[in-house]
Amino acid sequence: MALKLVWLTTILCLIATSVCAMTLAEGIFEVDDEKPVDSTLVVEVGEEAPNFTLPSLSGEKISLRSFREKKNVVLSFVPAAWTRVCSDQWPGYNIVEDIFDEYDAVLLGITVDNIPTLYAWTKAMGELWFPVLSDFYPHGEVAKQYGVLRSNGVTERALFIIDKEGIIRYIDVHDINIRPPLEVLVEALKDIEDNG
Amino acid sequence: MLGKGNITHALKAIELMQPLETAVQYLGIEDGESFSPSSINADVLVIQFFSMYCPACQTDAAAVNEFYDLTTKPHTGQNIKMIGIGFANSEFEVAIFKRKFNVLFPLFPDPYGDAARALHAYSTPHFVVIQRTDNDNFKLIYEQAGALRNSEKFLKTILTHIE
């Protein structure tokens, strides 16, 4: 009987995924406001960006160095999957691929969540055009290299722009409770493309 | 949700930036730097709270556009006007949403969430439908937290709530 119920539920889920699949809004875990910034940067604008290689959702491992001489790179660290502000940041980036293209930039989304969690979370956002990387193990190693790992093990809400020479050109370690305005990032990208 | 609170007071407290000239004509408002939605020339005003960052708003955009188109047809028998308010969105972010989804009705930024707070719209998408009862007073006739999905059904729902 129990097996039949499981089977029936599975079939119903397959037929009506919109009912059974968790939407992004339904899955949000509410957290109280946190200390705006809880780490100390160990890199600065003008320095060479620390290289890293991280697993992505697609299964491919992605190295920062692979974009050298080819693309500007925007690193978007967000604190945690399934939390409100984080879930309210990448879906916006997802509709502005043309702006990133205009400034010859790729976007790499990074969290300290593991791949299965990132898979479920980003699937609820829709199809993302940019790679999502997991800094899960060793935990937060890349975040530590940049100085954006908070004391509770999540990352800051931070944006870095690294130019085609591998140099850090822009850093915004934002208040973790607030989404960074898109226009500031776009202005910084424009400045790099216009002024080299 | 707003419930049956003082909608007239809430609506008059909202200040939106002056839109482009075509939108000024559509809304029937006077020239100025800003305006209150209470000054829109409409018997029924539909306010959509959205966000450029909200996947449900992105998915719902086509249905919302269809709904707006339906409101402009004379067969509704009502003077219905529609605006969108970008909750916690800047002018730049609202402009991206408008361009990306080819939105034809006026959209306004609400960067600090003041308008959303006034109308108790704490999630997106969220629809608030207000009817003018006389020159200076308004009544909340329908409210929906969540996607519109079906434009014709949504219009029918609103029309049944008009008094």
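Author: Helices (H or I, at least four residues) and strands (E, at least two) are DSSP runs, numbered from the N terminus. This is a predicted model, where local features need pLDDT of at least 70, side-chain atom pairs count only at pLDDT 80 or more, and totals for chains, interfaces and linings use all residues. Residues are numbered from 1 along each chain as its sequence is written, chains are lettered from A and ligands numbered from 1 in the order in which they are written, and side-chain values use heavy atoms, with hydrogens and water left out.

Reader: Why is B:Pro106 called buried?
Author: Buried means under 20% relative accessible area, exposed over 50%, partly exposed in between (1.4 Å probe, protein chains only). B:Pro106 has 6% relative accessibility, so it counts as buried.

Reader: Which residues does B:Pro106 touch, leaving out those up to four places away in sequence?
Author: Contact means heavy atoms within 4.5 Å. By that test B:Pro106 touches B:Ala23, B:Tyr26, B:Leu27, B:Met82, B:Ile83, B:Gly84 and B:Lys98, not counting residues up to four places away in sequence. B:Gly84 is 22 residues away along the chain, yet the two C-alpha atoms are 6.3 Å apart.

Reader: What makes A:Asn94 buried?
Author: Its relative accessible area is 15%, so A:Asn94 falls on the buried side of the cut-off. A:Asn94 lies in the loop between helix H5 (90–93) and helix H6 (97–102) of chain A. The side chain of A:Asn94 reaches the backbone oxygen of A:Glu127 at 3.0 Å.

Reader: How many cavities of 30 Å³ or more are there?
Author: The count is 3. On a 1 Å grid over the protein atoms alone, a cavity is a set of points where a 1.4 Å probe fits but cannot get out, and lining residues have an atom within 4 Å of a point. Points are joined across faces, edges and corners, and a volume is the space filled by probe spheres set on the points.

Reader: What is the lining of the second largest cavity by class?
Author: It has 8 nonpolar, 1 polar and 2 charged residues. Ala, Val, Leu, Ile, Met, Phe, Trp, Tyr, Cys and Pro count as nonpolar, Asp, Glu, Lys and Arg as charged, and the others, Gly among them, as polar. The largest share of that lining, 3 residues, comes from S6(B).

Definitions and conventions
A polar contact is a pair of N or O atoms within 3.5 Å; within protein, one must be able to donate a hydrogen and the other to accept it, and residues adjacent in sequence count only if both atoms are side-chain atoms. On a 1 Å grid over the protein atoms alone, a cavity is a set of points where a 1.4 Å probe fits but cannot get out, and a pocket is an open set with protein on both sides within 12 Å along at least five of seven lines; lining residues have an atom within 4 Å of a point.
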